Amino acid sequence: MSLLEGKKYNIITFGCQMNEHDSETIAGMLQEEGCTPVLAKEESDITIINTCSVRENADKRFFGTLGQLKKIKEKNPEYVACVCGCMMQQQHIIDTIKSKYPWVDIIFGTHNIDSFPELLNKVVREKVKAVEILEDRSDIIEGLPAKRLFRHKSFVNIMYGCNNFCTYCIVPYTRGREKSRKPEDIVAEIKRLVADDVKEVTLLGQNVNSYQGVFSDGTGCDFTDLIYLINDIEGLERIRFMTSHPKDLSDKLIQAFADCDKLCKYIHLPVQSGSTSVLRRMNRKYDREKYLNLVAKLREKVPGITISTDIIVGFPGETEEEFEDTMTLVDAVGYDSAFTFLYSIRTGTPAAEYDNQIPEEVKHARFNRLVDAINEGSAAKNAAYVGRVEKVLVEGQSKKDESTLTGRTDGFKLVDFPGDSSLIGQIVDVEITEGKTFSLRGRIVE
């Protein structure tokens, strides 16, 4: 019997969908060891904090949460505190944890999640601390278990790492170089998920549309080829993907939106800035004109496609004129939603060494202007849905009201509507009765 049998665990996840899926894998491995999940870290025997290094705010939240574990450890010396994820791939973070947070028992990184049960058993058995970090690895571990966040939809990693080296981004240093899974392994995984009642999959990668898989027989398979393969899987209803890079958005992939009935008519297409000069300093490898041309192609080939984006405000050297370029691009594109970020220095990236950092008060003023414009556009987009009937995959009950169900349209719009929990997992017709800034409300069409 495992030493972990009967122990309770709690996972705290910061960051992107890749981190969420890593946490699902950690949960799956723990449950295979006989552990059970609990919602509160105070009730757990084991807490795992899965970290993100992309934004400064995530760093602060991590260290704040890490400090809270000290009291739990003092009350229960058998309590095991674990940290993992992207932050752990940076030596200065590990050094800080060792010197200032000595109650942490296990530190592991993004490349050796599969070794976590072994590390945990060793710590419990021998009452020692464990630190195991791999700089990178060439192989991909297949077949790890996962405890899904949702019953009827699932994340599926298709590749790992990033080769882009945007000057503001730490991801290539924490996730390593790009590695693509074999297409037959991906298809087999999705077929197993469909057999387990999954209706929607989201293909994950730091840059999914640079996927370059190779079949066992040596035949190549690019991202669009993979989409067509997955579209043929019987029983699957929806395909999504996150995140795509504009420099790799091909005409072939745009055509797939029109050809593949299961590929949702939604794309997250991070622009980061509307200024060509800023994009050049960011090393994004496209300019404003190319980005707008991609949006025009998408809208021409896929009428009604919804588009979201990421935007960084206050990148080093950003002038008022360059920021205005972002404002006019936002107006020209008409995004359905956007994730907006204040630029934050990431130690180890080229932009961290740039001299012309933007003052915080200037960044905040620009950020507020941008958010107001995006929210106004989102509200107008959502208001236009009133009276339309949308197909919604019911994801669950509202946390605020059990009589209200919540789900997503094909275009990733969040919809709340009255309904019975027996509908969870089904795709239902919902007439939209109200458009809010961040969501829609509706009623089921009988």
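User: Before that, where does the model come from?

Analyst: The model is predicted.

User: OK. How far does helix 1 reach from its first C-alpha to its last?

Analyst: Helix 1 covers residues 17-32 and reaches 23 Å, close to the 22 Å expected for its 16 residues.

User: Is helix 1 mostly covered or mostly open?

Analyst: Mostly covered, with twelve of its 16 residues buried. Among the buried ones are M18, H21, D22, E24, I26, M29 and L30.

User: What comes after helix 1?

Analyst: Helix 1 is followed by G34, which has a positive phi near 95°.

User: Switching to packing. What do you quote for a pair of helices?

Analyst: Two packed helices are described by the angle between their axes and by the distance between those axes.

User: Then what are the values for helix 8 and helix 10?

Analyst: Helix 8 (residues 251-259) packs on helix 10 (residues 288-301) at about 25°, and their axes are 9 Å apart. Angles under 35 degrees count as roughly parallel, so helix 8 and helix 10 are roughly parallel to each other. The crossing of helix 8 past helix 10 is right-handed.

User: Which residues meet there, in helix 8 and helix 10?

Analyst: From helix 8 there are D251, I254, Q255, F257 and A258, and they meet L294, K297, L298 and K301 of helix 10. The residues of this contact divide into five nonpolar, one polar and three charged.

User: And at what angle do helix 10 and helix 11 pack?

Analyst: Helix 10 and helix 11 pack at about 10°, with 11 Å between their axes. Helix 10 and helix 11 are therefore roughly parallel.

User: Which residues of helix 10 and helix 11 meet?

Analyst: R288, Y291, L292, V295 and R299 of helix 10 meet D325, T328, L329, A332 and V333 of helix 11. In this contact, six residues are nonpolar, one is polar and three are charged.

User: Where does helix 12 sit relative to helix 11?

Analyst: Helix 11 (residues 320-333) and helix 12 (residues 360-383) pack at an angle of about 10°, and their axes are 10 Å apart. That angle makes helix 11 roughly parallel to helix 12. The residues that meet are E320, F323, E324, T326, M327 and V330 in helix 11, and R366, R369, L370, A373 and I374 in helix 12. They divide into six nonpolar, one polar and four charged.

User: While we're on helix 12, is S378 buried or exposed?

Analyst: S378, which lies in helix 12, counts as buried because its relative accessibility is 4%. Not counting residues up to four places away in sequence, S378 touches Y335, D336, S337, K436 and T437.

User: And D355, buried or exposed?

Analyst: D355 counts as exposed, at 77% relative accessibility. D355 is found in the loop between strand 16 (337-342) and helix 12. The C-alpha atoms of D355 and D225 are 44 Å apart in space, and the two residues are 130 apart in sequence.

User: New topic. Where is K8, and what is it in contact with?

Analyst: K8 is in strand 1 (residues 8-13). Leaving aside neighbours within four places in sequence, K8 is in contact with T36, V38, E43, S44, D45 and I46. K8 is partly exposed, with a relative accessible area of 33%. From K8 to V392, 384 residues along the chain, the C-alpha separation is 35 Å.

User: Which residues does a cis peptide bond join?

Analyst: M242 and T243, with omega about -10°. T243 is in the loop between strand 13 (238-242) and helix 8.

User: What about phi of F165?

Analyst: Phi of F165 is positive, near 55°, and F165 is not a glycine. F165 lies in the loop between strand 8 (159-160) and helix 5 (171-175). At 30% relative accessibility, F165 counts as partly exposed.

User: And phi of Q272?

Analyst: Q272 is not a glycine either, and its phi is positive at about 70°. Q272 lies in the loop between strand 14 (266-268) and helix 9 (276-282). With a relative accessible area of 5%, Q272 is buried.

Note on methods. Residues numbered from 1 in each chain as written. Predicted model: local features only at pLDDT ≥ 70, side-chain atom pairs only at ≥ 80, totals over all residues. Heavy atoms only, no water. Helix = DSSP H or I, 4+ residues; strand = E, 2+ residues; numbered from the N terminus. Expected span 1.5 Å × (residues − 1). Buried < 20%, exposed > 50% of the residue type's maximum accessible area, 1.4 Å probe, protein only. Axes fitted to C-alpha atoms, helices over the stretch in contact; angles between N-to-C directions. Parallel < 35°, antiparallel > 145°, perpendicular 65-115°, else oblique. Left-handed = near helix turned anticlockwise from the far one by under 90°. Contact = heavy atoms within 4.5 Å. Nonpolar A, V, L, I, M, F, W, Y, C, P; charged D, E, K, R; others polar.
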